Amino acid sequence: MNARSYAPVIGAFGLITMIFGLMMGFPLAVSFFLHDGATTAYDASILITFGVGLALWYGARHSGRDLRTRDGFLLVSATWLILPVFAMLPLVLYLPELSLTDGYFEAASGLTTTGATVLSGLDQLPLSINLWRCFLHWIGGMGVIVLVVAILPLLGIGGRQMFSAEAPGPMKESSLTPRITETAKALWVTYAALTLACGIALWLAGMPGWEALIHAFSVMGLGGFSSWDNSIAHYDSTLIEGVIIVFACAAGLNFATHYRALHKRSLTPYREDTEVGFFALVVLGSILMLTAFLMAQPAPMTLPTTLRHVAFQVVSISTSLGLASTDYGTWPMFSQLWLLFLCSFVTCSGSTGGGIKMVRAIILYKQVFREITLALHPAAVRPVKLGRAVVPNTILHAVLAFGFIYMVSIIILTLLLGGSGLEIVTAFSAVIACINNTGPGMNALGPAGNYAVLTDFQTWVCAIAMIIGRLEVFTLLVVLTPTFWRK
């Protein structure tokens, strides 16, 4: 590939960067009207971000061709790797003591909807800074690429390659509508409507207006940033926790299913979605199991209190939201490990959550039992099905390959953290929490701590883990292979 072949990618990335810079106008307006002292940080950030984007787009505006499949992978990878550099500008400009490493980590955590933070004293920050942190969750939740794909065709740049590389899940080829632009718009309208409903519900439940908006962005993006160091525990409200449980579950389901249900005014799409039943079974089963386990411990809490906190934490961690209603780091090790296990697979494809996604877990589960059957009955014909549809072998092979690369990534990243001096349980929990875009880990990285205790090297490892998880491993892996760069 020669330099000119990158022009379409550079031009498209320039447009994405310009639009991202304009998005900073939202917290700028809030800062200006509330006089919270962060206005100049946004002024400079918008000028830099929009200026760089304009220069990139202008220099590549005469590329003369549309994006190809190869371009889509490169553009998506570059966006998630580079966009945090611009996203961190308001943070590092307002907080000069924040290092570039920590600034990138915080911004990457926001955009990848991980929710791991290096900041403390959140309630002392300007409201617009906390708003920007959680707004990054909202932007990254459905994917900034999916947002821009609805706009780029108007500017002469096709979007299907971008959408294909960005959309999560092994069966992402299916579209809601015939045109990719309309598909992206349908998803975002559904996403925005649920966010508005979540914000209003949190406000009615007793959360102050601005905080309701901030946490609505966090919940629907399944991010986990809060405006308080002790997260949702600050409110100590069963009603607020109940609202978050409902909307976190909604965000953990496929937004295409939500769209179809709203469009048809029917619950049938939920019954037809194979993932929904497994999602409900795993979540409800985990709540009952962990509640019984904690009640069997010496000096347990009362049953209503135990059930309340277990329900919130199971939903929050399994959906990769990461908000906390209590310091579950004090729970027995088994409970913490079970929560980390849940965040690895519970959310559905097409949701804003992290992990390998429920549809892949179902396929892997059914594939294992098919192999057991074939070992006992070699002549048996037992295809793997999702609902009534037979899963093609191409998807089976892709899911198996994904599972292998996912596990290898966890092992390598854990070894890197362990080799750098981090205690092994903490290192493993950090990798699981970051690669699944969940946020809190165990020990010093649990809900009562944060990632500020890590060294710069360890912080970069965790930041890369977040991006690997957000891109579901393969998108970034494709770009890193030598074959990709050959003509």
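pLDDT is the predictor's confidence in each residue, on a scale from 0 to 100. You'll want that number here, since what you're looking at is a predicted model. Across the protein, the mean pLDDT is 89, and 91% of the residues reach 70 or more.

One stretch to watch is residues 154-158, where pLDDT stays under 50. The model still gives this stretch eight contacts beyond four places in sequence. Where pLDDT is low, the predicted coordinates should not be read in detail.

Now find helix α19 (residues 393-419) and helix α20 (residues 424-435). Their axes come within 9 Å and cross at roughly 135°. That angle is why α19 counts as oblique to α20. The crossing of the two, α19 and α20, is right-handed.

Which residues do the touching? On the α19 side they are Y406, S409, I410, L413, T414, L417 and G418. Their partners in α20 are I424, A427, F428, A430, V431, I432 and I435. Sort the residues of this contact by type and you get eleven nonpolar, three polar and no charged.

## Looking for disulfides

A disulfide is a covalent bond between the sulfur atoms of two cysteines. How many turn up in a search of the whole structure? The search finds zero.

Take C249 as an example: the closest cysteine sulfur is in C348, and at 9.9 Å from the sulfur of C249 it's too far for a bond. C343 is in no disulfide either, with the nearest cysteine sulfur, that of C434, 10 Å away. For comparison, the two sulfur atoms would have to be within 2.5 Å.

Notes. Residues numbered from 1 in each chain as written. Predicted model: local features only at pLDDT ≥ 70, side-chain atom pairs only at ≥ 80, totals over all residues. Heavy atoms only, no water. Contact = heavy atoms within 4.5 Å. Axes fitted to C-alpha atoms, helices over the stretch in contact; angles between N-to-C directions. Helix = DSSP H or I, 4+ residues; strand = E, 2+ residues; numbered from the N terminus. Parallel < 35°, antiparallel > 145°, perpendicular 65-115°, else oblique. Left-handed = near helix turned anticlockwise from the far one by under 90°. Nonpolar A, V, L, I, M, F, W, Y, C, P; charged D, E, K, R; others polar.
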